[in-house]
Amino acid sequence: MKSIWKSEVELSKRSELKGSLQVENVVIGAGMAGVLIAWFLQKQGREVVVVDADEIGGGQTGNTTAKITSQHGLCYDKMINKIGKKQAYLYALANENAIHMFEKIIKEEKIECHFEKKPAYLYTVTDDNVAKLRKEMNAARMIGIDAVWIEGERISELPFKIKAAVGFPNQAQFHPLEFLKHLSNQLVVYEHTKVLSVKNKTVYMENAQIKACNIIFATHYPITNIPGFYFLRQHQERSYVVALSNQKSLNGMYYSIDEGGLSLRSAGDYLLLGGGGHRTGKCICRQKKGELLGYSFLKNKVKLYYPEAEIAYSWSAQDCMPHDDVPFIGRYSLFQKNRYVATGFKKWGMTSSMIAAEIISNQICKNRCEKNNIFSPQRLYFCAGIKNLLIDMWESVSGLTKGLVGPSQKRCTHLGCKLDWNPEESSWECSCHGSSYHKNGGLKDNPAKYNLKQKR
Ligand SMILES: Cc1cc2nc3c(=O)[nH]c(=O)nc-3n(C[C@H](O)[C@H](O)[C@H](O)COP(=O)(O)OP(=O)(O)OC[C@H]3O[C@@H](n4cnc5c(N)ncnc54)[C@H](O)[C@@H]3O)c2cc1C
């Protein structure tokens with residue numbers, strides 16, 4: 001199912017790379033992160049080439065909801081407690097700066113991408129979560145965000161009563177592919193050029209190779225396991241979106257902190273409703289326990305709150321959730337100075353991609369030090385991530401061992417975990433690291449690089 005963004009915008013087609021190239025910088029992945037990183041490098045006079053396994057914006061960026069915000073769910077109170085006030089402050093500052101940078105680029109480049117400044121609201125509809133929300137507001141204020149508190153009022157543009165909400169002013173939303181189209185038109189990009197391996201300073205594709213001084217992995221989920229070990233440091237979660245036609249435009253963007261809550265934003269006459277998410281690979285087992293997930297969940301909400309509305313588009317996407325809730329942006333590993341990574345955006349990849357572009361381009365062009373980077377992949381916020389690490393270890397062990405005896409099962413081409421069927425998406429998904437495959441076995445989402453049954 002195509003997202004509203006992909007249905008509305010056609011990006012110019014690029015050819016596959018064939019043969020050998022030598023360049024200063026190669027960026028692998030032409031999503032929001034890869035395009036922004038490449039564009040920043042080129043702006044600073046660097047030679048750069050982008051390669052993508054599919055098409056520009058064809059990955060998660062084409063399936064996002066594209067809110068540009070520093071409000072990342074309930075994050076600041078947790079961050080202050082787990083990694084400290086200074087780190088939380090730097091995180092908020094980086095994300096606020098990213099919003100300004102989007103605005104600046106859009107203005108300077110005169111990009112028509114429906115960029116609109118709007119407040120972002122975190123809300124709850126249950127009494128039980130009001131205290132959590134208040135803590136989040138206090139935390140946000142403590143680190144300099146001008147958060148506002150709303151309680152016991154009805155937000156008239158929402159079809160349900162809220163108990164409380166925290167608003168962040170001066171946030172934004174846009175059309176991600178209109179933006180990407182403008183920037184990528186200025187770049188050398190090769191599409192349908194899947195990277196299969198990277199050795200020393202060379203990137204290998206089926207029909208081509210590129211030798212580069214710097215290699216930047218902007219593939220959403222990193223495609224090489226060792227070193228870096230990102231497959232042990234994050235998992236993936238899938239979420240669903242529907243677009244309802246002929247709806248009144250919302251003045252704000254909304255995100256629920258409740259179990260089974262909704263994310264809302266407008267896009268012209270369309271209203272986007274998001275929710276029904278789950279760990280990738282875990283849809284069917286949660287549905288068997290009676291939970292409503294995916295499109296079934298969203299359709300139910302539409303029936304309840306917008307009974308007259310028509311669903312014009314529906315789609316889903318997934319994102320990488322780091323154990324300590326901080327994206328990985330910077331050097332790929334301590335041992336490889338010429339490799340960089342941007343991943344772990346935890347469903348907030350618009351501002352995170354902008355942060356990645358600034359950090360990585362500064363590291364390459366100005367030799368900026370990794371030490372001052374709170375997003376550094378070499379950080380160790382061990383205590384902040386221990387619970388998630390244990391859950392992921394359990395998932396990996398059970399995924400690797402499940403179905404080894406008995407009738408043969410579909411297994412992931414990444415590390416061999418058992419795949420589970422997702423009836424909402426009609427796809428095969430891996431709960432270990434989040435690779436997914438179409439019904440016919442074609443690869444849908446990485447870190448896997450191969451289709452099912454494809455010989456290497
Ligand atoms: C439902 C949902 C809603 C969201 N809403 C928001 C939101 O409102 N605001 C927000 O900030 N964030 C949001 N996000 C998160 C955001 O969409 C992502 O974090 C962001 O799009 C990721 O961008 P990316 O460039 O890292 O990845 P992608 O856009 O996936 O780009 C990666 C690219 O790498 C390519 N690639 C992969 N493997 C290879 C290979 N081997 N060789 C060559 N190329 C390769 C892929 O083809 C792809 O084009 C949302 C996420 C979800 C799941």
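**Contacts, strands and a disulfide in a predicted model**

Asparagine 95 touches Thr69, Ser70, His72, Thr351, Ser352 and Ile355, leaving aside residues up to four places away in sequence; contact here means heavy atoms within 4.5 Å. This is a predicted model, in which local features need pLDDT of at least 70 and side-chain atom pairs count only at pLDDT 80 or more, while totals for chains, interfaces and linings use all residues. Residues are numbered from 1 along each chain as its sequence is written, and side-chain values use heavy atoms, with hydrogens and water left out. Asparagine 95 sits in helix α4; helices (H or I, at least four residues) and strands (E, at least two) are DSSP runs, numbered from the N terminus. With a relative accessible area of 1%, asparagine 95 is buried, where buried means under 20% relative accessible area, exposed over 50%, and partly exposed in between (1.4 Å probe, protein chains only). One of the residues touched by asparagine 95 is serine 352. Asparagine 95 and serine 352 are 257 residues apart in sequence, yet 7.1 Å apart in space, C-alpha to C-alpha.

Helix α4 also has a helix for a partner. The axes of α3 (residues 76–83) and α4 (residues 85–108) come within 7 Å and cross at roughly 140°. Axes are lines fitted to C-alpha atoms, for helices over the stretch in contact, and angles run from 0 to 180 degrees between N-to-C directions. The two helices are therefore oblique to each other: angles under 35 degrees count as roughly parallel, over 145 as roughly antiparallel, 65 to 115 as roughly perpendicular, and the rest as oblique. On the α3 side, Tyr76, Met79, Ile80 and Ile83 take part, and they meet Lys85, Gln87, Ala88, Tyr91 and Ala92 in α4. These residues divide into 7 nonpolar, 1 polar and 1 charged, with Ala, Val, Leu, Ile, Met, Phe, Trp, Tyr, Cys and Pro counted as nonpolar, Asp, Glu, Lys and Arg as charged, and the others, Gly among them, as polar.

Two strands pair if DSSP finds at least two bridges between them. Leucine 419 stands opposite cysteine 430 in β19, and tryptophan 421 stands opposite tryptophan 428 in β19. The two strands make a hairpin with 4 residues between them, and serine 426 in the turn has a positive phi of about 50°.

What about the cysteines? The structure holds 1 disulfide, a disulfide being a pair of cysteine sulfur atoms within 2.5 Å. Cysteine 417 and cysteine 432 are the pair, at 2.3 Å from S to S. The link is left-handed, with -100° about the S-S bond. It ties together distant parts of the chain, 15 residues apart: cysteine 417 is in the loop between α10 (382–401) and β18 (419–422), and cysteine 432 is in the loop between β19 (427–430) and β20 (436–438). Both cysteine 417 and cysteine 432 are buried. Cysteine 283 is buried, with a relative accessible area of 1%. For cysteine 365, the closest cysteine sulfur is in cysteine 213, and 12 Å is again too far for a bond. Cysteine 365 also counts as buried, at 18% relative accessibility.

Most residues other than glycine have a negative phi, and most peptide bonds are trans. The peptide bond from isoleucine 226 to proline 227 is cis, with omega near -5°, and proline 227 lies in the loop between β10 (208–217) and β11 (234–244). Another cis bond runs from asparagine 446 to proline 447, with omega near 25°; proline 447 belongs to the segment after β21 (443–445). Alanine 66 has a positive phi, near 60°, and is found in the loop between β2 (48–51) and β3 (67–68). Lysine 110 has a positive phi as well, near 50°, and lies in the loop between α4 and β4 (116–124). Buried or exposed? Alanine 66 is buried, with a relative accessible area of 1%, whereas lysine 110 is exposed, at 69%.
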